[in-house]
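Please walk me through the two-chain model below, chain by chain.

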Amino acid sequence: MNSIQTAIALLTLVHKEIKRFTRIWPQTLLPPSITMTMYFIIFGNLIGPRIGEMDGFSYMDFIVPGLIMMAVITNSYSNVASSFFSNKFQRSIEEMMVSPMPNWVILAGFVFGGMARGLGVGLIVTIVSLFFTRISVAHPFLTVAVVVLTAALFSIGGFINALLGKKFDDISIVPTFILTPLTYLGGVFYSISLLPSFWQGVSMLNPILYMVNVFRYGFLGVSDIPVGWALAAIVTFIVVLFAIALWMLESGKGIRS
Amino acid sequence: MAEPALSIRGLTKVYGNGFHALKGIDLDVEQGDFFAMLGPNGAGKSTTLGIVCSLVQKSAGKVSIFGIDIDRDFAKAKYHMGVVPQEFNFNQFEQVIDIVLAQAGYFGMSRREALPRAERLLRDLGLWDKRNGNARMLSGGMKRRLMIARALMHRPKLLILDEPTAGVDIELRRSMWEYMRRINREEGTTIILTTHYLEEAESLCRNVAIINHGEIIRNTSVRGLLAELDTETFLLDLAHPVSDVPAIDGFEVRQVDAAQLAVAVHRGQRLNDVFTALSERDIQVVSMRNRANRLEEMFVTMVEQGNEEKAEAERGESRS
């Protein structure tokens, strides 16, 4: 394929992916918006004032970046996991396999689709948060960079999950038993400085902690961990997981007999 | 001389469970041909086509499409191929028009180029009125036609059809045959089809390969194959039931039921002799027809022969 044909193929796949999740918006866009609104009301409005300040900010201001990031992570991941697995299940993945589209275009198409949903939901949550607090962004470029990279990372993760999955249960195990606990323990609702030193050390092993903290740093200018180190870790994870996903596609794992 | 549309050498496939699906097959399909691959279920037809279309990974062997080795440049080879698989393999929740346009996009066709092409194909295949409907709302025959339209979007020179008319009613099947004949004749598209309807292969195809147990047991022209047919079986409907099977010299006669006989007629024998012998016994025939289509008869004989040889070989192995 020449570069124009490759671009057309990629845009076709991205367009198809975006059309998919917008067509079923009551399943994809509405639920996270309602859930996050509940978090803002219960934790931010009702419980927050009793908690007081966290790292020098009101509790509502503290949790907003974490909740946006949580929505981005879960939606990026689940979009690609369910869409790609559904393509596998219905065998419509064969439409792509018989075409001359390079494997990296297939991977990138699904990843961009997942990022579109993750970032779209993130934007919705951000808009909802404006009803509860005033948002100021200390480092706009860093904020955008972190949220985009995180969406990419978890989209790739969802892709690998779908490639390995053999039944629909397999694509809900990781979000339910790994992603959600790590997100809750990733400093969305608290600063790890509140934890005893042992649990602070344990928390440092949680990759989501770095993403939430860097994103919060972008908004508030405060972070529990070094920002540069966290950014490097995210980029490294993206490169490694993309390479693994591409290798799996090239070798036909989960899609070719 | 033009490169074959499809050339296969020593193609072997061993699945993870140890099943030897293909045992080193060789096959050439010339450009412009209408070619049938026949074989019982599990013979290796779909595995062969799956490897050609990159849905199945080969264990060994070479495959070239219009001279392009798929191990060297599969992407280039794929431009020349359109694939209609056995199972429905599109997203049932998408609109018909989106399915065909997306396929064009995957082949790098711009939307401006793809839209008129989609309209023409969907009109030709009687799906234009359904273009904005969900694919799951289509009937089985329409879904098959949708897969044909999708496969033709990028103007392939080789169309691979894996049981394209399975589950399609007779009227629709014949209209699909006509369409396939047209694109083969007018556009020069090489067509390879697998089918269980041997009437389909006899009616459409010029050349045929018969696969059994992962090996090609015959690869010849349909006409040549039919010329080899030694025996045809005729069913004779009788005016009145008979209690015994009439013995006719030189013919094998079987009673199907009280008022129907099956008579095997070998090459060189005359049906007139059968009618004379029956008239002498005061047995009147009111109608007559072939037991099955001719290719089917030959196919069944070959496959049964192959199965017997395999069973014999296995018995020999277990004895040694």
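Is Glu163(B) buried or exposed? Glu163(B) is buried, because 20 other C-beta atoms lie within 10 Å. The cut-offs behind that word are as follows: a residue is buried if 20 or more other C-beta atoms lie within 10 Å of its own, exposed if 12 or fewer, and partly exposed in between, with C-beta atoms placed from the backbone.

The model is a predicted one, so local features need pLDDT of at least 70 and side-chain atom pairs count only at pLDDT 80 or more, while totals for chains, interfaces and linings use all residues. Residues are numbered from 1 along each chain as its sequence is written, and chains are lettered from A and ligands numbered from 1 in the order in which they are written.

Glu163(B) sits in the loop between strand 7 (158-162) and helix 6 of chain B. Helices (H or I, at least four residues) and strands (E, at least two) are DSSP runs, numbered from the N terminus. The phi of Glu163(B) is near 50°, a positive value in a residue other than glycine. His213(B) also has a phi near 50°, again positive in a residue other than glycine. The loop that holds His213(B) lies between strand 9 (207-212) and strand 10 (215-221) of chain B. His213(B) counts as partly exposed because it has 19 C-beta neighbours inside 10 Å.

Helix 6 of chain B covers residues 170-186. Its 17 residues should span 24 Å at 1.5 Å a residue, and the end C-alpha atoms are 24 Å apart, which agrees. The expected span is 1.5 Å times one less than the number of residues. After helix 6 of chain B comes Gly188(B), with a positive phi near 70°.

Chain B as a whole has ten helices and 14 strands. Its C-alpha atoms fill a box of roughly 75 × 55 × 40 Å along the principal axes. Of the 320 residues in chain B, 38% are buried. Among contacts in chain B with a separation of 6 or more, 68% join residues 24 or more positions apart; two residues are in contact if their C-beta atoms, placed from the backbone, lie within 7 Å.

Now to the strands of chain B. Strand 1 (residues 6-14) and strand 4 (residues 60-65) of chain B pair in the antiparallel sense over five bridges. Pairing requires that DSSP finds at least two bridges between two strands. Leu6(B) has Ile65(B) in strand 4 of chain B as its bridge partner. Ile65(B) also stands opposite Ile68(B) in strand 5 of chain B. Strand 4 and strand 5 (residues 68-69) of chain B run antiparallel and are joined by two bridges. They form a hairpin with two residues between them, and Phe66(B) in the turn has a positive phi of about 50°.

Further along chain B, four strands form an open sheet in the order 12-13-11-14, with antiparallel pairing. Strand 12 (252-257) and strand 14 (285-290) of chain B stand at the edges, each with a single partner strand, so one side of each is left without a neighbour in the sheet. Strand 12 pairs with strand 13 (residues 260-266) of chain B over five bridges in the antiparallel sense. Within this pairing, Gln255(B) has Leu261(B) of strand 13 as its bridge partner.

Chain A has eleven helices and two strands. From the N terminus on, its elements run α-α-α-β-β-α-α-α-α-α-α-α-α. Of the 257 residues in chain A, 47% are buried. The C-alpha trace of chain A spans about 60 × 35 × 35 Å along its principal axes.

Helix 10 (residues 207-220) of chain A is mostly covered, with 13 of its 14 residues buried. Gly221(A) follows helix 10 of chain A and has a positive phi near 85°.

Finally, the two chains meet: 22 residues of chain A are in contact with 24 residues of chain B. On the side of chain A that touches chain B, helix 1 (3-23) and helix 5 (93-97) of chain A are the elements that give two or more residues. Helix 1 of chain A gives the largest share, six residues.
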